[in-house]
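Subject: Handover of a structure and the findings from it

Dear colleague,

Please find below the structure that I am passing on to you.

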Amino acid sequence: MKRFAQLFAEIDANTRTGDKVEAMVRYFTSAAPADAAWAVYFLSGGRPKRLIPARRLATWAGEESDVPEWLFEASYESVGDLAETIALLLPNPTSTSDRPLHEWMDQHLLPLASIPEEEQRRAIVTAWNELDGTERLVLNKLITGAFRVGVSQQLVVRALARAGGIDEGVVAHRLTGGWKPSPDAYQRLFSGDTTDADISRPYPFYLAYPLDSSLETLGSSGDWQVEWKWDGIRAQLIRRGGETFLWTRGDELVTERYPEISEGARWLPAGTVIDGEIMPWRDGSPLPFAQLQRRTGRKTLGMKIRTEVPVVLIAYDLLELEGADVRDRPLEWRRAELARLLEDSRAESRMIISPVAVRGSWADVRAAHERARERSAEGLMLKRVDSAYGVGRRKGGWWKWKVAPFTIDAVLVYAQAGSGRRASLHTDYTFAVWEGASLVPFAKAYSGLTDAELRKLDGWIRRHTVEKFGPVRSVKPEQVFELAFEGIAESTRHKSGISVRFPRIARWRTDKAAAEADTLQTLRAMMETVP
């Protein structure tokens, strides 16, 4: 635990990517496989479910610290993170422990959820008395399910590849598909033999960077395939060994959730992997993303919702053919094989090859970009016809060119403290627009302000709080912000009757008074522009 806490501190203290990778390489080359496996799991974003209710943990910490409830609450409000608040308030430990990370997890933390409350308390207090400083902080974050650290899975893959002398693509492949932490699983990451891959395991997804230059800098338009950029759920469809698997980019197995696609996959030959987008689709056109959300949140999938929100897989690329990895083949070849495969397999009614948006000059491409919203698309994807299918986010072969977002001026009405580095600042905001003389909340946003703006706004929030509801502050409706978002749709789950997609702060409108903010009618008018 001490070594893992030290790694957490090193990563948290560094802003340079190279330093973070170096810290992880040092850890992976020295840690025991059992500990390193849990480290990979946590650094990659894995989190066990909350083991103990937060309120119970806070009560025990207050009692052990001999801190009255009001002072604990005030400290929590100031710090903004429960795990850190507890670590700061607890008295110095009475002993030390060299217990390794895997032993903490397997023998002490994971069993907590299934033992009586009094035994939970004894185990937690004993742990607090054995750990100090950052070790305590890490332990608390693991218990509360709030462990986060500033590295992406791609950086973890890079560090593992360097530590084991293995290609990044191989490591990334082995980590996808519900990887579970164990010494054997960790050691298999570095195996030179790749035949042990689970038949359900997807490939790492290839991701595009936003287009950051003019189209002409890309060379001849004839060297590029231009597709619509759809707003659905990125997924890989796998047909191996007579079985079908549908994995999302978020590493979630959703085969049973979309039976239409699974049924269509039965016609695919063994050894086929297709990259695509799960889309709500009817009569040859996409439905709003909000319709897809109606299906994703259901535990049971009846015929009624399947009829109301049918789905297809928009097939982008072919990654595996007859059991062979074809990612290194040119896109032009992969697309031709994909078209032949779908046509021959009778699966085309459930899987639609991603249509080419335009063929022609860059002027034609610009014209297609302007028509993207008419097609219910987010913009365009530009892919070199000779490009291989890469691993992770890479520049050069693929670019995404999204349409300009919707924007609206809204009033800040609620604020809440963030997490991690932002735990001491109010960085989670709720915004509202006018309906007559009333403000109606319609969106939450967490990103878009600079560090200086965050600190300035946090000070304003503390001085202009009207009421508190637990961690949430109601503030004077004075500050106006321009919000940007990708989509808009009707919603019965929101008081405003509207939901927006990917809202973020575009700028702080210090030049506007709250009375000049936009109205609910303006949002409804925007909905009318969406097909």
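Predicted model: local features only at pLDDT ≥ 70, side-chain atom pairs only at ≥ 80, totals over all residues.

Helix packing

I begin with helix α1 (residues 2-13) and helix α9 (residues 133-144), whose axes come within 9 Å and cross at roughly 90 degrees. The two helices are therefore roughly perpendicular to each other. On the side of α1, the contact is made by Lys 2, Phe 4, Ala 5, Phe 8 and Ala 9. Helix α9 contributes Thr 134, Glu 135, Leu 137, Val 138 and Lys 141.

Nonpolar cores

The largest nonpolar core holds 66 residues, and those touching the most other members are Met 24, Phe 28 and Trp 128. Helix α3 (residues 33-43) gives the most to this core, namely 8 residues. Neighbours within four places in sequence aside, Trp 128 is in contact with Leu 57, Trp 60, Ala 61, Glu 64, Ile 86, Leu 90, Pro 93, Arg 136, Leu 139 and Asn 140. There is also a second, separate core of 30 residues, which includes Ala 415, Leu 425, Trp 460 and Leu 483.

Salt bridges

The count of salt bridges comes to 36. Three of them are described here.

In one, the side chains of Glu 216 and Arg 366 meet at 2.9 Å, N to O. This pair links distant parts of the chain, 150 residues apart: Glu 216 is in the loop between β2 (209-210) and β3 (224-229), and Arg 366 is in helix α17. Glu 216 counts as partly exposed because its relative accessibility is 44%, which lies between the limits of 20% and 50%. Arg 366, at 32% relative accessibility, also counts as partly exposed.

In another, Arg 295 is bridged to Glu 260, with the closest N and O atoms 2.7 Å apart. Arg 295 belongs to helix α14 (residues 289-296) and Glu 260 to helix α13 (residues 259-265), so this bridge ties together parts that are 35 residues apart in sequence. Is this pair buried or exposed? Arg 295 is buried, its relative accessible area being 0%, and Glu 260 is buried with a value of 3%. Both residues also take part in a network of salt bridges that links Glu 260, Glu 263, Arg 295, Arg 306 and Arg 350.

Glu 308 lies in helix α15 (residues 303-308) and Arg 294 in helix α14, so the pair ties together parts 14 residues apart in sequence. Glu 308 counts as partly exposed at 27% relative accessibility, and Arg 294 is partly exposed with a relative accessible area of 32%.

A loop residue

Finally, I draw your attention to Arg 359, which is found in the loop between β10 (351-353) and α17 (362-370). Arg 359 is exposed, with a relative accessible area of 70%. In sequence, Arg 359 and Val 226 are 133 residues apart, while their C-alpha atoms are 7.4 Å apart in space.

With kind regards

Terms used: Residues numbered from 1 in each chain as written. Heavy atoms only, no water. Helix = DSSP H or I, 4+ residues; strand = E, 2+ residues; numbered from the N terminus. Buried < 20%, exposed > 50% of the residue type's maximum accessible area, 1.4 Å probe, protein only. Axes fitted to C-alpha atoms, helices over the stretch in contact; angles between N-to-C directions. Parallel < 35°, antiparallel > 145°, perpendicular 65-115°, else oblique. Contact = heavy atoms within 4.5 Å. Core = buried A, V, L, I, M, F, W, Y, C linked by side-chain atoms within 4.5 Å. Salt bridge = Lys/Arg side-chain N within 4 Å of Asp/Glu carboxyl O.
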